[in-house]
Amino acid sequence: MTRYVQHGLKVKSKPDEIARQNFMLNMRSYVMLDMAMGMKKIYDNNIEPNFKKLNKRKPKNGDEIHKTIKKDTYFKFYSSIRCNAQEMVFRSVIPPIERSMIDLKKKAKKLSTSKKANGSLKIDKKLTIPKSVSALDVHLMPGCYHSEHSENDLTQGALYDNGVSVFSMGFFGEKLDDIGSSISLFIKKKYPKFKPVRILDLGCTVGHNTLPWNKVYPKAEIHAVDVGAPVLRYGHARAQSEGISVHFHQQNAEKTNFENNSFDLVFSSMFLHEVPKKGIKQIIREAKRLLKPGGLMLHMELPPNKMLDAYNSFYLDWDSYYNKEPYYKTFRDMIPEKVCSEAGFSKNKFVQFIIPSIGQFGEEEIIKSVNSQNGNVDDRTGRFTKGIHWYCFGSWK
Ligand SMILES: C[S@@+](CC[C@H](N)C(=O)[O-])C[C@H]1O[C@@H](n2cnc3c(N)ncnc32)[C@H](O)[C@@H]1O
């Protein structure tokens, strides 16, 4: 089994498969930490000085660095190892998943009626899958989030869950929910009077970061939407097995069927950067429609390019060029404050935070960070050199 998938849908890997998964975890860690540091040295010692000699100035932004560095041998080596590692992560978990599919379906069926939780699942067979999902294997995950290989299939959910377990190198925590756990605790401490009774998670995939909201707001009714049926089926069974009631819906976040003013909190994590610009704008407008007056919209995301230095911008946009994440850079070039105000949110209700990872820094640091937010984004987010911090932005309605 993969290390961080320990709930009722875990699959059994053979010893050689476990060795392969561990190898991939360590290889990713080598690329993302050691090789990334090596590349920064090459940049500082060669790329930037050469650029300055030629242009009589430093590179202005990530694009200029990318254009220059892409001819460099170390960068090519880093990129090719990183692409291969990404593909190999998913390949390392496919054999145990394929072997377990029939069993997983049976377990999911049983879990859906489990008395441990009262969640639900609504699949819409007529939903059109957006091209941004159906036309490519996002971040090189074969079959993306929506592909179905048999009736009531949940393969893509199992692939995402087990793949992320290897991919995340432990940074997402024991239940792969560090983002949701850190942010929900932060919000509870920062706004003690805010007590959401209905919460909605957009682009939830298997609900890794949906479930933690139940811990801080146990009385809240939690809903989650995604366009991928297999990830929702898996997410529903996973939530049931964890004893957490969540209502999963197959819907497009750009146009949901929930009523106006029906949620206190509309949340998303790592979602918007996988959506084209037009869709992002529509999702923010939809969030505003769904929020009750006084409600909060909050998106955990990649930090915007405008707020990072040129090197960090270049480093983060790598995925857009080499990891089948075509909307990554487009999203990062947007200005969150502007996107929110264009969707009708008041400028003075805009919020943005950098929240320390609960797994890495502990609850104490999150509580301390509640009062130390200055509204700016800095290089604590993005590369892992200063420990893991989650960026999020949004607005009160
Ligand atoms: C990177 S994943 C999000 C991860 C998840 N929020 C988490 O924290 O674990 C992006 C998800 O967005 C979903 N998605 C993409 N476009 C969507 C849309 N227009 N409406 C709803 N879900 C969408 C994809 O199917 C995918 O599951």
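What percentage of the 397 residues in the protein chain do buried residues make up? Buried residues account for 46% of them, a residue being buried if 20 or more other C-beta atoms, placed from the backbone, lie within 10 Å of its own.

This is a predicted model, in which local features need pLDDT of at least 70 and side-chain atom pairs count only at pLDDT 80 or more, while totals for chains, interfaces and linings use all residues. Residues are numbered from 1 along each chain as its sequence is written.

The protein chain has 13 helices and 8 strands; these are DSSP runs numbered from the N terminus, helices being H or I with at least four residues and strands E with at least two. Its C-alpha atoms fill a box of roughly 70 × 55 × 40 Å along the principal axes.

The 8 strands form an open sheet of mixed pairing, in the order β1-β4-β3-β2-β5-β6-β8-β7. Two strands pair if DSSP finds at least two bridges between them. The edge strands, β1 (120-122) and β7 (350-356), each pair on one side only. Their pairings are listed below.

| Strands | Bridges | Direction | A bridge pair |
|---|---|---|---|
| β7 and β8 | 7 bridges | antiparallel | F350 and S395 |

Strand β7 is mostly covered, with 6 of its 7 residues buried.

Residues 24 or more positions apart account for 80% of the contacts in the protein chain with a separation of 6 or more; two residues are in contact if their C-beta atoms, placed from the backbone, lie within 7 Å.

Key. Buried ≥ 20, exposed ≤ 12 C-beta atoms within 10 Å, placed from the backbone.
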